Amino acid sequence: MKFSIRESFGQLSRFEWWLWIVSLVVVVGSFLLTPSPDYLTLTTSVIGVTALIFIAKGMLLGQVLTIIFSCFYGVVSFLYAYYGEVLTYVGMTAPMAVVALVSWARHPYKESAEVEVARITGRQVAWLTVFTVAVTMLFYFILLALGTANLVVSTISVTTSFVAVALTYLRSPWYALGYAANDVVLIVLWIMASIDNPSYVPMIFCFVMFLANDIYGFVNWRRMAHRQRIEN
């Protein structure tokens, strides 16, 4: 599977360029309007919205940036005692992004820079359900023991994140709806955090733009799947 940063940007459509630029403007704008801006939060947000536009394209650059984003986001979350987010992104999303990176690299669509979209099977759905329930229960008690802020919402975030990363590994278009659900949860989490510390306001806008990008990702992956079926 082809991997080139320059070529990846070169394959963005006009709409995708605008979506990325608007995402950056919203994130940077919220940073500039924040009374006590935090550059780590800004950097994390910029990496995140950039990663999503390439995930939506089914390109390896998206997974590489997701790994980097997960590490930065883990630090930001740790500073606010969102330990569930730390465990989820550093302990689960980043490693799963590495696995997904390998999976996508091994399943290119006709030797292009685009991943081959897969159909999820009934057996995979069953196993995903079992593991999701198990992960949710396990993390609830871990987060409880760690004294995680906003425990219930943090646990729901773990659940939606797990579903999303698993579907990303499986190369299913439904990964985007998993992340969209997670975006909604994270918007709530960072609104709560921003009430205490306004420097986290950019994280709210970050995940608002994540939501927009993930909705587009679902639409584009469905389009990719349809096109790939026709061409095959």
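The model I am looking at is predicted.

**Y73.** I looked up its contacts.

**Cores.** I then asked where Y73 belongs. The largest nonpolar core has 38 residues, and Y73 is among those with the most contacts inside it. F54, F69, L186, W190, F207 and F210 are named with Y73 for this. I checked which helices supply this core. α2 (14-33), α3 (39-55), α4 (60-79), α8 (175-196) and α9 (201-231) each give at least two residues.

**Fold.** I counted the secondary structure next. The protein has nine helices and zero strands. Along the sequence I read α-α-α-α-α-α-α-α-α. Residues 24 or more positions apart account for 76% of them.

**Overall shape.** How does the radius of gyration of the protein compare with that of a compact globule? For 232 residues, the globule would have a value near 17 Å, and the protein has 17 Å, so the two agree. I noted a C-alpha box of roughly 55 × 40 × 25 Å along the principal axes.

**Surface and charge.** I found that 51% of the 232 residues count as buried. The protein exposes about 10700 Å², and carbon and sulfur atoms supply 72% of that area. Last, I looked up charges. There are 13 positive and 11 negative ones, and their mean positions lie 12 Å apart.

Terms used:
Residues are numbered from 1 along each chain as its sequence is written. This is a predicted model: local features need pLDDT of at least 70, side-chain atom pairs count only at pLDDT 80 or more; totals for chains, interfaces and linings use all residues. Side-chain values use heavy atoms; hydrogens and water are left out. Helices (H or I, at least four residues) and strands (E, at least two) are DSSP runs, numbered from the N terminus. The radius of gyration is taken over C-alpha atoms; the globule rule is 2.2 Å times the number of residues to the power 0.38. Buried means under 20% relative accessible area, exposed over 50%, partly exposed in between (1.4 Å probe, protein chains only). Contact means heavy atoms within 4.5 Å. Accessible areas come from the Shrake-Rupley method with a 1.4 Å probe; for residues, only the protein chains shown count as cover. Lys and Arg count as positive and Asp and Glu as negative; His and the chain ends are not counted. The place of a charge is taken as NZ of Lys, CZ of Arg, CG of Asp or CD of Glu. A nonpolar core is a set of buried Ala, Val, Leu, Ile, Met, Phe, Trp, Tyr and Cys residues joined through side-chain atoms within 4.5 Å.
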